[in-house]
Amino acid sequence: MISIKKYAAIDIGSNAIRLLVSNVIITKDTAPQFKKSALVRVPIRLGADSFVEGTISEKNIDRMMNAIKAFKLLMNVHGIENYKACATSAMREASNGQKIAEKIHQKTGIKINIISGKEEAEIISSTDLHELISGDKSYLYVDVGGGSTEFTIFSKGKIIISKSFKIGTVRILNNTKEQNKDAFKKVENWIKDNTEGYRKISLIGSGGNINKLFKMSGRIEGAPISYIYLNAQYQFLKNMSYSDRITELSLNPDRADVIIPATKIYLSAMKWSGARKIHVPKIGLADGIICLLYTSDAADDLL
């Protein structure tokens, strides 16, 4: 006997807004299978408003409203059973973030949860990583977003510690050099303090930029990227102009600039932790939301 549940996750980030539709395939005596059915990404850079002006502009409020309306229609078409919408650093730092969430809820019926950095890290950590983190190995999980980056240390299959930092791709592009220097120093101290004593630690990277870098590498799924390769790619990208990254590498305009600071964050994390390779499973906040929705519904079914 097989049953299929349909869930959706809305991830309102600092660089883009995403809708992930997933099918959870449930069969007797086997673990549920999570299959992505559709992914829609809209490049509304809320962080460019929030991190510079402290508020989200009327133009981007209108764009958000239209995106959420479209997402609601798509969820109806897909026959979604349950969904959850989460907003991260751009919305939580904007002075009008809560008011926008209330307005969208009133106009569309879609409730937006503005989550803390800690909650974001916990949701991301709930993704299905058991195959990768099993055994006696240790990993530093790094999820780079537009406004924040979440770091989680796993050892022997268990979460040791998790931390969210206000360092992200859009924020780096809009901050001063001094602000970025201070932010990177805080991350450096945390990583060095918390990875000391772990031998042969590896990185797990998530986020749109590392997924793109992995795709560009041509590696087979499951194979890690080395520090040497990632550093060479970083130098290659940094030496190209923004327009060349779009025309020659076919990067989207909203990816062609943020991919540089994202790569720097991953490389820095590898350097400070002593990691020589980075694994790139296709997971992130939206995947974590789907896992939580299924787990919650499964628990309710047992009651």
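How are helices α9 and α13 set to each other: roughly parallel or roughly perpendicular? The points below take this up first, for a model that is predicted.

1. **Helix pair.** Helix α9 spans residues 208-217 and helix α13 spans residues 259-273. Their axes come within 9 Å and cross at roughly 90 degrees. An angle of 65 to 115 degrees counts as roughly perpendicular, and α9 and α13 are therefore roughly perpendicular to each other.

2. **Residues at that contact.** From α9 come Asn-209, Ile-210, Lys-212 and Leu-213. From α13 come Ile-259, Ala-262, Thr-263 and Tyr-266. By class, the contact of α9 with α13 has five nonpolar residues, two polar and one charged.

3. **The sheet.** Five strands form an open sheet in the order β3-β2-β1-β4-β5. Pairing is mixed. The edges are β3 (33-42) and β5 (112-114). Each has a single partner strand, so one side of each is left without a neighbour in the sheet. From one strand to the next, the twist averages 25 degrees.

4. **The β4 and β5 pair.** Strand β4 covers residues 82-87 and runs parallel to β5. Three bridges join the two strands. Ala-87 has Ile-114 of β5 as its bridge partner.

5. **The largest pocket.** This pocket holds about 1,100 Å³ of space. Its lining counts 43 residues. Nearest its centre lie Arg-18, Gly-207, Gly-208, Asn-211 and Arg-255. The lining divides into 12 nonpolar, 18 polar and 13 charged residues.

6. **Elements around the pocket.** Helix α9 returns here: it gives six residues, the largest share of the lining. Elements that give two or more residues also include β2 (17-27), β3, α5 (117-125), β6 (138-144) and α14 (285-302).

Conventions: Residues numbered from 1 in each chain as written. Predicted model: local features only at pLDDT ≥ 70, side-chain atom pairs only at ≥ 80, totals over all residues. Heavy atoms only, no water. Axes fitted to C-alpha atoms, helices over the stretch in contact; angles between N-to-C directions. Helix = DSSP H or I, 4+ residues; strand = E, 2+ residues; numbered from the N terminus. Parallel < 35°, antiparallel > 145°, perpendicular 65-115°, else oblique. Contact = heavy atoms within 4.5 Å. Nonpolar A, V, L, I, M, F, W, Y, C, P; charged D, E, K, R; others polar. Pairing = 2+ DSSP bridges. 1 Å grid on protein atoms, 1.4 Å probe; cavity = no way out; pocket = protein on both sides within 12 Å on 5 of 7 lines; lining within 4 Å. Points joined across faces, edges and corners; volume = space filled by probe spheres on them.
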